[in-house]
Amino acid sequence: MTDNLAERLRAAIEARRAALIALTQDLIRIPTLNPPGEDYLAICEYLRDRLRRSGFDCRLMRARGTPGDSDRYPRWNILARREGRGPGQCVHFNSHVDVVEVGQGWTTDPFGGALIDGRIYGRGACDMKGGLAASIIAVEAFLEVCPDYDGAIEISGTADEESGGYGGVAWLAERGFFSPDRVQHVIIPEPLQKDRVCLGHRGVWWAEIETLGRIAHGSMPFLGVCAVRHMGAVLHEIETRLIPALSNKTTAMPVVPEMARQSTININSIHGGLEEIPPGSTAFPSACVPHIARMVIDRRFIAEETAEGVRAEIEEILERLKRTRPDFDYRLRELWSVAPSWTEETAPVPRALAAAIEEALGTRATWVASPGTYDQKHIDRIGRLKNCVAYGPGILELAHQPDEWVGVDDMTDSATVMALALHRLLTGAV
Ligand SMILES: [Zn+2]
């Protein structure tokens with residue numbers, strides 16, 4: 001046995017390599033699809049049984065009445081806490097347990113957890129069951145090496161991050177579970193890569209645009225007003241004016257991948273006219289000029305912008321069309337808005353992680369920001385805790401893709417970093 005803490009933690013994690021693989025596979029094999037919010041109770045019970053063996057007190061809590069919660073799809077969360085020898089600070093590892101839909105293009109079983117050439121495959125392997133497993137192994141190794149710590153360690157597995165986090169971290173934060181008098185340090189093991197610390201994320205503004213026309217017989221379209229053609233004009237404006245303008249709005253935030261270091265817009269969905277007839281149906285559409293078309297846009301904005309400014313930009317397009325295009329009318333409805341979130345790099349958690357990365361991996365940490373939002377926003381805004389970052393194994397670009405995977409070596413490396421950072425935070429050595 002060596003005196004070097006990093007080496008002892010590393011050895012304790014390496015000794016758990018098979019356990020780490022099995023844990024990750026077990027988590028992937030519980031298909032916690034969201035929507036609709038499948039198997040949340042099953043994964044919480046699995047985590048409870050595991051964490052109890054390491055001396056954690058575990059609470060399972062259902063976020064009743066939150067979006068999507070029902071008796072068929074209850075929003076269960078687990079919060080596990082282990083008190084140390086004496087009083088001190090609390091370090092919390094938060095992972096979401098939900099995964100997004102499978103989609104097309106898989107060559108492996110999305111819920112099989114196959115281990116191939118040092119990679120574990122499955123929906124959620126990267127985002128973020130690999131990170132959850134690595135944080136649990138990090139804590140178990142830490143408890144073996146440093147059993148006499150002061151303070152407290154918490155691990156949570158939370159619902160619904162992929163759909164906004166309202167039945168998960170937001171719900172817990174509203175009940176005080178992330179308030180600064182209870183928890184002082186939060187690490188979210190989202191897949192940002194083992195040598196990068198993610199300090200925050202861009203903002204989100206989702207909206208529905210409706211263009212309004214007038215129904216008429218399809219054989220005499222000149223008697224109606226076509227909402228789909230109106231929507232085409234909106235799309236043309238987005239294509240020719242807005243997208244080029246957004247690519248010129250760059251940010252000082254170190255967003256990765258670099259293509260996201262600017263404002264972006266995604267056309268999430270579009271529909272106009274009659275209800276869509278399912279593919280293969282023998283039903284026949286009736287001849288009508290469509291009187292309504294709907295589009296959902298997903299606008300991601302940078303720290304240099306505001307949600308109000310983003311809205312004004314869309315309104316400006318719609319108002320200009322109203323002035324210039326005959327019979328153009330519209331409705332604009334905001335669906336969701338999240339301000340950018342940011343933790344200063346001088347805060348204890350990023351400092352501890354950066355030092356641990358240097359110690360464990362021999363490389364300097366890179367500060368990054370996420371293109372998409374994650375549960376940090378709720379810990380920041382509702383919990384009022386400004387000492388929270390995302391740090392975990394996995395390659396961000398693989399998230400939500402077919403054949404998503406996480407590397408076992410990346411998990412052991414990041415688990416070593418997490419265990420070292422945990423030690424620094426609990427002992428105040430940051
Ligand atoms: Zn995630």
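Predicted model: local features only at pLDDT ≥ 70, side-chain atom pairs only at ≥ 80, totals over all residues.

Residues are numbered from 1 along each chain as its sequence is written.

Color by domain: domain 1 is 5-201 + 341-427 and domain 2 is 203-277 + 284-338, with bounds from an automatic or database domain assignment. Their centres, taken over C-alpha atoms, sit 36 Å apart. Now look at where they meet: ten residues of domain 1 are in contact with eleven residues of domain 2 (C-beta atoms, placed from the backbone, within 7 Å). Select 366-370 next: that's strand E14, which gives the most to domain 1's side, with three residues. (Strands are DSSP E runs of at least two residues and helices are H or I runs of at least four, numbered from the N terminus.)

Next, pick 115-116, 119-121 and 405-407. What order do the strands of this open sheet take? The order is E4-E5-E16, with antiparallel pairing (strands pair if DSSP finds at least two bridges between them). E4 (115-116) and E16 (405-407) are the edge strands, each pairing on one side only. Two bridges join E4 to E5 (119-121), and Leu115 stands opposite Ile120 in E5.

Last stop: select 125-145. This is helix H4, which packs on the sheet, touching E5 and E16, with its direction about 40° from that of E16 (axes are lines fitted to C-alpha atoms, for helices over the stretch in contact, and angles run from 0 to 180 degrees between N-to-C directions).

Methods:
Contact = placed C-beta atoms within 7 Å.
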